[in-house]
Amino acid sequence: MSLPSLIFAPKRAIARMETKKKDPFPGEFSFQDRKPKQKKVKGLKSQWREMYEDIERRAVAERQEAELAKMRRAAERAAERSREATRKQNPRRREHEQKMKLEQERIRQRNSSWENFETQWREFALNPPATISISDIPWPDVACQSAFQDDDHDWIRSISRTAVLLWHEDKFMQKFGNRLLPADVRPILLRCNALYQLAVEAKERVS
């Protein structure tokens with residue numbers, strides 16, 4: 001090949017490449033840079049892979065949560081069946097539970113009745129009427145009076161100390177005697193004595 005051919009051969013090759021827009025030197029010495037396109041494809045593949053992995057992780061977590069919920073429900077049903085079987089097999093226990101509920105309700109009503117009485121008595125003692133009749137005095141109701149027969153010794157000691165101070169005839173007259181309606185003095189003192197005697201007997205019973 002002559003020297004001019006060697007000199008102008010690369011130029012003609014480049015001209016043909018620009019005319020045909022085709023890479024005349026494919027492979028390692030290619031004029032076209034395909035790396036950005038490859039990187040882009042590779043990036044998309046990575047994104048899809050991460051997305052599928054995230055979906056798979058969520059699916060696994062949901063399956064695990066569903067399995068745990070199923071196990072909890074099964075355990076609750078088993079516990080309920082066990083309790084039901086115990087109640088059926090042990091009527092004495094069921095009877096004992098009913099008695100305990102009734103006793104708790106009785107104690108609640110007892111405490112509530114006595115607290116109401118004490119509240120009414122404090123209001124009466126702080127602001128008594130100018131003339132006191134037997135109907136003006138907040139007497140303890142039947143529930144409060146029956147409380148003195150209770151088996152709870154601590155409770156009896158507590159209310160009997162209060163009742164002895166409230167219904168002692170001398171203390172009552174010292175505080176309210178000059179306000180009592182003359183026609184009601186005797187019935188008021190009779191009721192005070194009855195309540196005082198009830199409190200004393202209860203106090204002696206638990207002492």
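Predicted model: local features only at pLDDT ≥ 70, side-chain atom pairs only at ≥ 80, totals over all residues.

Me: Which side chain does Arg108 meet in a salt bridge?
Reply: That would be Glu105, with an N to O distance of 2.6 Å. Glu105 is partly exposed too, at 33% relative accessibility.

Me: And where do Arg108 and Glu105 lie?
Reply: Both belong to helix H3, which covers residues 91–126. They are three residues apart, or about one turn of the helix.

Me: OK, what about Asp150? Which residue does it pair with?
Reply: Asp150 makes a salt bridge with Arg106, and their closest N and O atoms are 2.7 Å apart. Arg106 sits in helix H3, while Asp150 is in the loop between helix H4 (142–146) and helix H5 (153–167), so this pair ties together parts that are 44 residues apart in sequence.

Me: Nice. Is Asp150 buried or exposed?
Reply: Asp150 is buried, because its relative accessible area is 5% and the cut-off for buried is under 20%.

Me: Which residues are linked with Arg106 and Asp150 in a network?
Reply: Glu103 and Arg110 are the other members, and salt bridges link the four of them.

Me: How exposed is Glu65? And Arg72?
Reply: Glu65 is partly exposed, with 45% relative accessibility. Arg72 is partly exposed as well, with a relative accessible area of 46%.

Me: Switching topic: which residues make the nonpolar surface patch?
Reply: Trp48, Met51, Tyr52 and Ile55 make that patch, and its area is about 450 Å².

Me: Where is Tyr52, then?
Reply: Tyr52 is in helix H2, which spans residues 35–89.

Me: And why does Tyr52 count as exposed?
Reply: Because its relative accessible area is 51%, and exposed means over 50%.

Definitions and conventions: Residues numbered from 1 in each chain as written. Heavy atoms only, no water. Patch = residues over 30% accessible without salt bridge, like charges linked within 9 Å, V, L, I, M, F, W, Y side chains within 5 Å. Areas by Shrake-Rupley, 256 points an atom, 1.4 Å probe, with all protein chains shown as cover. Salt bridge = Lys/Arg side-chain N within 4 Å of Asp/Glu carboxyl O. Helix = DSSP H or I, 4+ residues; strand = E, 2+ residues; numbered from the N terminus. Buried < 20%, exposed > 50% of the residue type's maximum accessible area, 1.4 Å probe, protein only.
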